[in-house]
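Student: I would like to go through this structure and ask what stands behind each label. Please set the values against the definitions.

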Amino acid sequence: MEEPSQERRLLLAVALSLLVLTAYQFLFPSPPPTAGRPRASPRPGSSLPTAGGTPSPSPALAGGSNTSSPAPRASASTAGALTAVADERERRVEIQGDEVGVAFSNRGARLVSWQLKRFHDATGRPEEMVQTIPGGPRALDVETGDADLDGRLREALFLPSAEAVTLGSSGEARLGFRWAEGDVEAEKVLRFRSPGYLAAVQVGVKRAGRDLPVKVLWGPGLGNPTAAEMEVQGYHAPQAVSDGPRGVERVLADKLGGPRVVSDVRWAGVESTHFAALWIPSAVPGTVELRPVETPGEEGRKKTAVVAAAPLATASETATLFVGPKDYTLLSRLDHDLARVVPVGEWIGPIVVPLMALLRWVHTWVGNYGWSIVVLTVFINVAMSPLRHYSIANGVKMARLSPEMRVIQERYRKVPALDPRRQEMQKEIGALYERHGMNMSTQMLVGCLPLLLTMPFLIAFYRVLQVAIELRGASFLWIPDLSQRDPLFVTPVLMGLSMFVMQRMTPTAMDPAQQRIMMIMPVVLVVMFHAAPAGLNLYWLSSNLCSIVQQAVTLRIIASHDERATRKERRRS
């Protein structure tokens, strides 16, 4: 019985000690710190203080280095209030890696720049992903649903864990921001994984010790496209994109109508032609909100941009953010099926992806993407040449029997389609095919099959040049950027001329009126594709030149074969 009595005395002594300490702090609060000597503040890099004012430790930077952190500004807590945590002045906070450079302002811990160092704009500077609108939302802003609190958070001077952080070529780097005032405390932590396109984002906001659910934004929009980029055929402004139960869905900004919550998604966000900013929810599949916002446009007109918001219920939840190029090879090495944001196509994708790898392989040997397009186009046409040869030879046969065919068709022109005499016309046509060594029942398949087999590869390479990020900024002869239109319009004009030559060389069974109509097609295509990316026109021109060479060779072979056949007939006679 003695041992339990001692335990009770010990517990009573601890309780009385705590009561005395608490009463002393309440009755005799600590004096405020003097201007010259601030009180000790939480160590930069530590996590937010708890409701009792005692900061808990936070993980140190992993895989990165940081400069000395700024001197914090702190004040002692009063009854029922947190220890104030804030920086002494506004400052720029950066994280720099080999491929990305990210900058924040500690005022609101707001993102001011996210640059991709591998890609450059028209001025030669790294491509900027952040679009800053005065008075508007910014990427990585935090919303709590309380407008007054959101305003306080945007204006608060957060205390950063470091002023500059270096992201190494491997590993991770951490950057954190903390702020506390009154009964509100907030923390934002980003962990970047090399090469820096992926960042794990944690945000915690507490009021009176209770977690508030928050939303972390990306947007408005993505990047700052130039006028030259917007003039390119196929350009689309940054739009909403998500990967959900129905696959990848894209919605134009002005078609959103209002805030749209997409559920059961692997990822969702904003995409442009060559870049993307995608939220991966804390739990996959999860929820992301897509909303339209109005932004200033040219000549005072408004334009609509997309904001993507990732919800976080507590500070322990993590949403992952991808900001970077729509590079299929890069994205395929990451998790969460991010490569699906590259529109390689559903049925033609299995051909597009190997061709993209083949284009890169050729570039490693050639050193220029323009010449790589030419070389790979020649390779594809050489591989398809046996099928094309057969198709051209079949076209020559059809052209030879075409006059006799028209005679038969003209003789039965006035016979109704359901008249039994139509069967006689079919018998005569069948006999005509037989005289020329052809089978009428299989001729359509024989004539179309080579074309059907070659077209998927030609379309696939066309798609490669539409989605390949490598062409952006790649020059070729007089063309400064293969992803933009030819500044001199040389390639579309030459493409049209090459099509005209092809049509003149190709044997055809069409009547003269139909041939004259077809001669308009090169002009139509030049008009249609004058603003297409120069890389696409270069590919089409190269392919046409390969076809012209093959047609000339095939026609020469056929003519030589016919001459030998004619000489044999003469010898027999």
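Tutor: Start with contact, which means heavy atoms within 4.5 Å. The model is predicted, so local features need pLDDT of at least 70 and side-chain atom pairs count only at pLDDT 80 or more, while totals for chains, interfaces and linings use all residues. Residues are numbered from 1 along each chain as its sequence is written, and side-chain values use heavy atoms, with hydrogens and water left out.

Student: Which residues does Asn537 touch, not counting residues up to four places away in sequence?

Tutor: Asn537 touches Thr491, Pro492, Met495, Phe529 and Ala532. Asn537 itself lies in helix 12 (residues 534–572); helices (H or I, at least four residues) and strands (E, at least two) are DSSP runs, numbered from the N terminus.

Student: Why is Asn537 called buried?

Tutor: Buried means under 20% relative accessible area, exposed over 50%, and partly exposed in between, with a 1.4 Å probe and protein chains only. Asn537 has a relative accessible area of 1%, and therefore counts as buried.

Student: What makes Leu477 exposed, and what is said of its phi?

Tutor: The relative accessible area of Leu477 is 60%, so the residue is exposed. Its phi is positive, about 50 degrees, although Leu477 is not a glycine. The residue is placed in the loop between helix 8 and helix 9.

Student: Which peptide bonds are cis?

Tutor: The bond from Ser194 to Pro195 is cis, with omega near 10 degrees, and a cis bond also joins Gly219 and Pro220, with omega about 5 degrees. Pro195 is in the loop between strand 12 (184–193) and strand 13 (198–207). Pro220 is in the loop between strand 15 and helix 3 (227–230).

Student: How do you know that Arg92 and Glu94 form a salt bridge?

Tutor: A salt bridge is a side-chain nitrogen of Lys or Arg within 4 Å of a carboxyl oxygen of Asp or Glu. The N to O distance for Arg92 and Glu94 is 2.6 Å, so the pair meets the definition. Arg92, at 46% relative accessibility, therefore counts as partly exposed, and so does Glu94 at 24%.

Student: What makes the pair of Glu127 and Arg472 a link between distant parts of the chain?

Tutor: The closest N and O atoms of this salt bridge are 3.0 Å apart. Glu127 is in strand 7 (residues 126–128) and Arg472 in the loop between helix 8 (440–467) and helix 9 (490–505), 345 residues apart. Both Glu127 and Arg472 are buried.

Student: How is Arg246 classed, buried or exposed?

Tutor: Arg246 counts as exposed because its relative accessibility is 70%. Its side chain meets that of Glu249 in a salt bridge of 3.2 Å, N to O. Glu249, at 31% relative accessibility, is partly exposed. The structure holds 24 salt bridges.

Student: Why is Leu217 called buried, and where does Leu217 lie?

Tutor: Leu217 has a relative accessible area of 2%, so the label is buried. Leu217 lies in strand 15 (residues 214–218). Its contacts, leaving aside neighbours within four places in sequence, include Leu140, Trp279 and Ala309. The C-alpha atoms of Leu217 and Ala309 are separated by 4.3 Å, although the two are 92 residues apart along the chain.
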